[in-house]
Amino acid sequence: DTAPNSWEARAESSSFYGFTDLPSIKARGTVVLTHGEGPYVIDTEGRRYLDSNSGLWNMVAGFDHAGLAAAAKAQYDRFPGYHAFFGRMSDQTVMLSEKLIEVSPYDRGRVFYTNSGSEANDTLVKMLWFLARAEDQPQRRKILTRKNAYHGVTAVSASMTGKPYNELFGLPLPDFIHLTCPHYWREGQPGETEAQFTARMAAELEEVIAREGAETIAGFFAEPVMGAGGVIPPSAGYFQAIQPILKKHGIPLISDEVICGFGRTGAVWGCETYDFVPDAIISSKALTAGYFPMGAVILGPELADRLHAASEAVEEFPHGFTASGHPVGCAIALKAIDVILNEGLLDNVRRLTPRFEEGMTRLAENPNIGEFRGKGLMGALEAVADKPTRTPFPSNLSVSERIANTCTDHGLICRPLGQSIVLCPPFILTEPQMDEMFEKLEAALTEVFAGLKA
Ligand code: PLP
């Protein structure tokens with residue numbers, strides 16, 4: 001229905017820029033949603049879609065969790081908003097900070113709140129720059145990240161993001177350096193073992209530090225599993241190889257857990273899954289199960305102590321948002337953490353992971369799927385024109401978009417990222433729903449690959 005007053009037409013002509021201008025979406029039309037049920041979202045025509053992306057990786061408790069809505073309502077009724085400035089903050093803010101330290105790898109630390117993951121990365125970069133100046137090392141400004149990393153959209157977090165589209169903004173800003181993406185399957189050289197590849201990633205880090213000067217580097221940020229880069233787990237032993245190098249040079253390692261945090265990889269934190277303790281953690285998304293926009297910077301003891309000393313010596317870190325530590329967001333986060341950790345969601349991720357891996361591995365037997373990669377309940381299938389040589393399809397064929405659009409037509413939402421199809425279902429998924437997800441995706445893969453050969 002493209003009548004001028006249809007929902008779809010209204011969405012197209014809406015002044016809000018909601019990524020409705022992409023050619024692949026234009027070709028199919030915008031889906032306008034009214035509500036959700038468990039892992040399903042429902043559109044204005046009553047069509048149901050299994051959302052295998054949990055919204056944008058965040059709606060881990062599904063779309064109609066009564067407990068989360070009730071926690072929001074109770075807090076709106078009790079104390080609907082406050083800030084966290086000038087020595088005043090809500091009780092919920094205090095309780096959430098205590099909870100975040102309790103579930104973090106740290107026995108003590110400090111928490112800062114933002115409205116998003118991007119702002120949390122920005123906040124921590126500014127904090128590292130503030131520390132450098134307070135400690136008489138103003139040259140310590142450089143931030144190391146990796147190509148393909150995704151850290152957000154603000155000017156600083158976009159500079160951290162290792163995606164070519166940031167060149168459209170003249171980014172990165174000076175002082176942001178991108179290392180090789182530790183994706184063995186794509187970046188490994190002929191004949192190179194995974195262990196040799198990891199050693200090469202570590203050697204590259206050493207070289208970059210030597211070239212730039214350790215005293216100029218403020219921090220190294222990494223997602224445990226790259227998410228928006230196309231679900232890329234690190235090569236084996238990666239964090240064990242790079243962390244000692246960073247430690248030796250006094251460079252903090254920051255784990256951007258915006259996607260991995262709170263259960264996605266089968267542990268509370270991605271760093272737990274990959275067995276390293278970072279100097280700070282960036283959290284968002286599942287932190288509130290997507291029921292409130294919120295991010296958090298969780299500092300470990302060392303950075304917390306340095307910040308305390310800088311605040312004493314210079315002044316308090318002059319930074320914060322109006323809605324930092326919003327009581328409703330904090331109340332929802334407290335409930336979300338409880339739901340994930342104590343009401344079986346994390347257990348369900350662990351229980352479902354073998355079935356997820358089996359299903360993905362089976363789909364990867366398709367001659368046009370080059371690789372399944374993933375961890376816990378996040379995974380990607382990479383489409384290839386030729387499997388033995390790993391040759392991608394020409395990008396003008398938009399293969400992953402075609403697959404995702406075909407899935408949408410069949411009532412499954414999944415995300416095209418580069419040449420990959422990404423799945424990261426809500427943690428509440430049941431076995432039959434997982435089977436439905438794979439059946440629909442398999443049908444779409446068969447249809448699209450057959451169409452390309454015809
Ligand atoms: N960091 C990571 C790892 C992310 O995946 C994202 C968003 O997807 C961000 C940061 C940015 O978060 P936000 O979109 O809330 O600003």
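Visitor: Which strands does helix H12 lie across, and at about what angle does it run to E10?

Guide: In this predicted model, helix H12, residues 301-313, lies across E4, E9 and E10. Its direction is at about 90° to E10.

Visitor: What makes E9 and E10 a pair?

Guide: Two strands count as paired if at least two bridges are found between them. Strand E9 (residues 280-283) and strand E10 (residues 295-299) have 4 bridges, so they pair, and the sense is antiparallel. Within this pairing, Ala280 stands opposite Leu299 in E10.

Visitor: Why are E4 and E6 called edge strands?

Guide: The open sheet has 7 strands in the order E4-E10-E9-E8-E7-E5-E6, and its pairing is mixed. Strand E4 (110-114) and strand E6 (176-179) each pair on one side only, which makes them the edge strands. On average, neighbouring strands of this sheet are turned by 20° against each other, direction ignored.

Visitor: Which helix lies across E5, E6 and E7?

Guide: Helix H9, residues 194-212, lies across strand E5 (142-146), E6 and strand E7 (217-222). H9 runs at about 155° to E6.

Visitor: How many residues surround the ligand, and which are the closest?

Guide: The ligand is surrounded by 14 residues, the closest being Ser116, Gly117, Ser118, Gly152 and Val258. Helix H6 (residues 117-134) supplies the largest share of this shell, 3 residues.

Visitor: How do the residues of the shell divide into nonpolar, polar and charged?

Guide: The shell holds 4 nonpolar, 8 polar and 2 charged residues.

Key: Residues numbered from 1 in each chain as written. Predicted model: local features only at pLDDT ≥ 70, side-chain atom pairs only at ≥ 80, totals over all residues. Near = placed C-beta within 6 Å. Helix = DSSP H or I, 4+ residues; strand = E, 2+ residues; numbered from the N terminus. Nonpolar A, V, L, I, M, F, W, Y, C, P; charged D, E, K, R; others polar. Axes fitted to C-alpha atoms, helices over the stretch in contact; angles between N-to-C directions. Contact = placed C-beta atoms within 7 Å.
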